[in-house]
Every structure is written in C-alpha cells, then in structure tokens.
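Dear colleague,

Please find the structure below, handed over for your review. My findings follow directly after it.

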Amino acid sequence: MAAVPNYYRELPREIVTRLHDQFSREDWGCTYVVTLNYDGVVLPTPVMYEVDEAAVLQHNRTMLILIGCVLPDKLHLLLRAGSLTPGRFKRFEEALRDLKDATSASTVRLLKRPGHLYADRNFIRPVESEEEMYQFALQIYKSPLADDLCTNPMRYPHLLLP
C-alpha cells in the first residue's frame, strides 16, 4: 500500500486500506463526493435507519459506496458509479438517481410527507486524486463529531462502510 500522509492518520487503518484498494480498481467508474441535503426535514433516528438500509442495498448494485454518513439533515457519500457487467459502466447520474429513489421512497412514506426527500441544491464533485479521496473520506468520517452526534465515529450507527 502506498504511504499515507500523516494528516490522514485520523482515519482507522481498515478504512484507509479499503479506500486504497477500492480507488485502484478499474472495474468501477469515477469516484465522486456527494452531499445530498434533505428538503426542509430533519430525520428522526428510526428514519435514518431506513436511509442506511436503502443506501447499502444500492451498494454493489449500481454503485460502490466507499464511505458514507447519514446525518439528520443530509447524506454524505464517497462513491463510484457501478459496473453492470465487466467493462460496462452505469452513468453516474443514473446511479445517483437510483440511490435517491431507493432512499427517498420508504423515507417519505415513513415521514408521511408528500413530495421528495432531497433538496434541489446538493454538492456533487468528481474526486481528482487518491489524496483528495482521503481528505473527503476524513471529512465524512468526522461529520458526526462536527454535528455533536457522537464522540467516536466508529460507534456512530449511521456511518456507512458497506
């Protein structure tokens, strides 16, 4: 494994190893960092579990989730568009639409709220390098700490490491 700069040492070793292994795979598409903001709603904990489960179901179907975190007001993901068959990639926009559909259908039903779950303005950006990937992964990993939701991110129940 390539040497990881000192400021990435805050990530647990198993996450660093997984990120490195997945980033170097050629059978998946480009890596993206995504923040999907919820549209005027703060999710209660039981509904956050629904988002967790739906996102994990999409993992390896249409996308590869490297790391993710479901927060009460947004969903952070570091992901790659999926491979339907070897050498044939699903477009990122299609994979993201599939994820939004999967995570919002049951969530909207549980909230007994008409409409959609996600706001129109979201942050979506391709990751340019492996180093940048580690920076985004660290931000996602530490996001429950920043929101005062836990004291140890590895114990946060909505940290996605499929």
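Y118 is buried, with a relative accessible area of 5%, where buried means under 20%, exposed over 50% and partly exposed in between (1.4 Å probe, protein chains only). Y38 is likewise buried, at 6%. This is a predicted model, in which local features need pLDDT of at least 70 and side-chain atom pairs count only at pLDDT 80 or more, while totals for chains, interfaces and linings use all residues. Residues are numbered from 1 along each chain as its sequence is written, and side-chain values use heavy atoms, leaving out hydrogens and water.

The count of aromatic pairs comes to one. The ring centres of Y38 and Y118 lie 5.8 Å apart with planes at 40°, so the pair is tilted; rings of Phe, Tyr and Trp (its six-membered ring) pair if their centres lie within 6.5 Å, with planes under 30 degrees apart counted as stacked, over 60 as edge-to-face and the rest as tilted. The pair links distant parts of the chain, 80 residues apart: Y38 is in the loop between β1 and α2, and Y118 in the loop between α3 and β6 (123-126). Helices (H or I, at least four residues) and strands (E, at least two) are DSSP runs, numbered from the N terminus.

Beyond four places in sequence, Y38 touches residues including L43, V51, V70, L75 and A119, contact meaning heavy atoms within 4.5 Å.

Finally, D148 has a positive phi of about 55° although it is not a glycine. D148 lies in the loop between α4 and β7 and is exposed, with a relative accessible area of 69%.
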